[in-house]
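Hi,

Here is the structure I promised to pass on.

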Amino acid sequence: MANVGKNIKALRISKAMTQDELAEKLFVSRQTVSNYENGKSNPDIDILVKIANVLETDVNTLICGGKEKEDKKSEKGSKKSSGISCSL
């Protein structure tokens, strides 16, 4: 889950949302959101689901990254047979 925080931050910014706004929707503090984004702590599965809903994405995208990461993997010739192709 090394990139979860980076993925949360990128998606939050793409939605033009502040840490305060995300925190309010999740019923957590701004500092908690900051800790997630900076990798100081990881959200549990319940919070990941809530974050995904607020940011209008799915949990897999939060954990593995967006389509652009998959496109880069495809360009490098990486082929996976499973639906999930990320390293945790």
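Predicted model: local features only at pLDDT ≥ 70, side-chain atom pairs only at ≥ 80, totals over all residues.

Let's begin at the start of helix 4. Asp44 caps the N-terminal end of that helix, with a side-chain oxygen 3.2 Å from the backbone nitrogen of Asp46.

Next, the helix itself. Helix 4 covers residues 45-54, and its buried residues are Ile47, Leu48, Ile51 and Ala52. Why do they end up on the same side of helix 4? They cover an arc of only 140° around the axis, which puts them there together. As for what they pack against, the buried residues of helix 4 meet helix 1 (4-14), helix 2 (19-26), helix 3 (30-37) and helix 5 (59-64). If you turn to the face that points away from this buried side, you'll find the exposed residues Asp46 and Asn53.

Now follow the chain out of the helix. Just after helix 4 comes Glu56, with a positive phi of about 55°, although this residue is not a glycine. Glu56 belongs to the loop between helix 4 and helix 5. Is Glu56 buried or exposed? Exposed, with a relative accessible area of 63%.

Ala16 is not a glycine either, yet it has a positive phi of about 55°. You'll find Ala16 in the loop between helix 1 and helix 2. Ala16 is exposed too, and its relative accessible area is 68%.

One last stop, in helix 5, where Thr61 lies. This threonine counts as buried because its relative accessible area is 17%, and the cut-off for buried is under 20%. Which residues does Thr61 touch, leaving aside those up to four places away in sequence? They are Asn7, Leu11 and Gly66. The side chain of Thr61 also makes a polar contact of 3.5 Å with the side chain of Thr57.

Cheers

Notes. Residues numbered from 1 in each chain as written. Heavy atoms only, no water. Buried < 20%, exposed > 50% of the residue type's maximum accessible area, 1.4 Å probe, protein only. Helix = DSSP H or I, 4+ residues; strand = E, 2+ residues; numbered from the N terminus. Arc of directions from axis to C-beta. Contact = heavy atoms within 4.5 Å. Polar contact = N/O pair within 3.5 Å; in protein donor to acceptor, adjacent residues only side chain to side chain.
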